[in-house]
Amino acid sequence: MRMWNIEPRVERRRLVCAAVAASLAWLTSGCASTGVREADESALQREMERRGVARVVVPFALNEDIAAWTHRSVDETTREERLDALVEAVMDTSLLGVQYETGRTGTAVDVFRSRTANCLAFTQMFVGMARELDLAAYFVEVTHVESFERSGDLIVVSDHVAVGFGPRHAMRIIDFGRREEEKGWRVTPISDLTATALFYSNRGAEALRAERLDEAVAWLEDSVRIDPELASAWVNLGVAQRRSGAADAAEKSYRRALEIDPRASSALANLAVLLRLGGRTAEAEELLRLTATTRNRNPFTYIALGDLSLRYGRLDEAERFYTRARRLGPDEPAPAAALGEVLLRRGERRAAEKLLRRAERLQTEGDRRVDRLARLLSGA
């Protein structure tokens with residue numbers, strides 16, 4: 001397996017396809033194209049309509065301008081040469097020069113116009129361009145450690161997607177933003193349908209973080225219609241539903257995610273929080289014990305568990321959860337701030353101040369947990 005890591009030209013804290021705020025319209029127009037892309041798009045559109053998707057968006061669709069630019073920029077003969085030339089064209093600042101931007105899950109048209117993308121948006125555009133050149137590019141999901149973000153006391157899942165080319169035993173991977181030194185990643189080819197469902201899920205998570213709850217639910221409901229077996233989309237839908245006050249619907253979504261993947265730690269943790277807040281303590285405790293046995297490597301799950309312990313006054317238990325979160329996410333500000341709050345409650349002010357300084361050095365933008373600890377230490 002050969003992996004190309006296309007490094008973006010900006011500093012960033014985490015190299016994941018993060019779900020953050022963006023809300024862009026899908027723009028497309030008819031264009032002359034090769035049979036590969038045209039057949040895939042029309043078949044995908046028909047299938048999405050058959051599944052009852054309210055807003056049909058084919059994120060890798062190109063318009064006439066992009067198709068023309070692609071052919072104008074890449075005129076090599078062999079497939080390998082065309083693939084190499086396309087990589088150079090999309091990254092060369094004198095041509096397209098796409099740069100990494102967190103929180104922008106745009107369509108191929110959006111990326112072409114803005115010249116910015118996160119990993120999923122870049123992959124959508126690159127696959128569309130490659131197929132325009134009769135290159136049989138496809139989507140692959142790259143998994144290493146599952147990526148999560150917090151939304152208040154809930155956990156939102158994000159996914160990392162790249163471009164695959166060639167047979168699986170000799171696959172070439174074009175990956176926008178993942179570091180080559182990262183070891184232990186696994187690559188799994190996914191269908192256009194699943195890649196599109198991931199696009200919808202990311203858009204829903206972005207709307208969720210921006211507190212546009214109706215929009216978030218709409219995107220995420222369409223995501224699970226497109227691919228009902230996408231556990232991460234069910235988790236995010238549950239988060240949006242709970243934020244909207246639909247606790248029963250959220251519980252069903254979390255349980256659906258667990259049916260698909262019984263070891264989905266984010267679904268277990270979110271469901272445990274929901275049950276405990278609803279007074280179903282015994283069942284919640286069983287889920288928490290199960291979460292602890294899933295070899296969970298997500299620090300935010302342990303922060304959520306620590307928050308529950310803290311809410312019920314179990315400081316020792318909360319400290320253990322937060323300490324484990326720090327071990328799993330040493331470069332994240334939230335675990336340090338969470339542990340600092342426990343220590344402050346114990347009267348260990350100096351230790352809490354030290355953790356606050358550590359958290360403030362780690363954060364790249366405002367973090368509610370860090371701000372909360374700062375206010376507590378200031379007496380606010």
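**View 1. Val163 stands opposite Ile174 in strand E8.** Everything here comes from a predicted model, in which local features need pLDDT of at least 70, side-chain atom pairs count only at pLDDT 80 or more, and totals for chains, interfaces and linings use all residues. Residues are numbered from 1 along each chain as its sequence is written, and side-chain values use heavy atoms, with hydrogens and water left out. Strand E7 (residues 161-165) runs antiparallel to E8, and three bridges join the pair; two strands count as paired if DSSP finds at least two bridges between them. Helices (H or I, at least four residues) and strands (E, at least two) are DSSP runs, numbered from the N terminus. Six residues sit between the strands of this hairpin, and Gly166 takes a positive phi near 95° there.

**View 2. Strand E8 (residues 172-176) is mostly covered.** Five of its five residues are buried, where buried means under 20% relative accessible area, exposed means over 50%, and partly exposed is in between (1.4 Å probe, protein chains only). Which residues cover each side of E8? On one side you'll find Arg172, Ile174 and Phe176, and on the other Ile173 and Asp175.

View 3. Leave aside neighbours within four places in sequence, and Phe126 is in contact with Leu83, Leu86, Val87, Val90, Val163 and Ile174; contact means heavy atoms within 4.5 Å. In soluble globular proteins, nonpolar side chains tend to be buried together.

**View 4. Helix H2 (residues 64-73) has buried residues at Ile66, Ala67, Trp69 and Thr70.** Why do they line one face of the helix? Seen down the axis of H2, these buried residues fall within an arc of 165°, so they line one face; the arc is that of the directions from the helix axis to the C-beta atoms. An α-helix has 3.6 residues a turn, so residues three or four places apart point the same way. The buried residues of H2 pack against helix H3 (79-91), helix H4 (108-114) and helix H5 (119-132). Turned away from that buried side are the exposed residues Asp65 and Arg72. At the N-terminal end, Asn63 caps H2, with a side-chain oxygen 3.2 Å from the backbone nitrogen of Asp65.

**View 5. Asp134 and Glu211 are two loop residues with positive phi.** Most residues other than glycine have a negative phi. Asp134 isn't a glycine, yet its phi is about 65°. You'll find Asp134 in the loop between H5 and strand E4 (137-143), partly exposed with a relative accessible area of 34%. For Glu211, phi is near 65°, and its loop lies between helix H6 (192-209) and helix H7 (213-226). Glu211 is partly exposed too, at 47% relative accessibility.

View 6. What does Glu341 touch, not counting residues up to four places away in sequence? The answer is Leu310, Arg369, Arg372, Leu373 and Leu376.

**View 7. Thr301 and Glu360 each sit by a residue well along the chain.** Thr301 belongs to helix H12 (residues 299-311) and is buried, with a relative accessible area of 0%. Its C-alpha lies 7.9 Å from that of Ala325, 24 residues apart in sequence. Glu360, in helix H15 (residues 349-362), is partly exposed at 40%. The C-alpha atoms of Glu360 and Pro333 are 6.9 Å apart, with the two residues 27 apart along the chain.

**View 8. The protein has 16 helices and nine strands.** Of its 380 residues, 56% are buried. The mean pLDDT (the predictor's confidence in each residue, from 0 to 100) is 79, and 80% of the residues reach 70 or more. Confidence is lowest in strand E1 (residues 2-6), at a mean of 46, and highest in H7, at 96. Over residues 1-39 the pLDDT is below 50, and this stretch has 133 contacts in the model beyond near neighbours in sequence.

Notes. A polar contact is a pair of N or O atoms within 3.5 Å; within protein, one must be able to donate a hydrogen and the other to accept it, and residues adjacent in sequence count only if both atoms are side-chain atoms.
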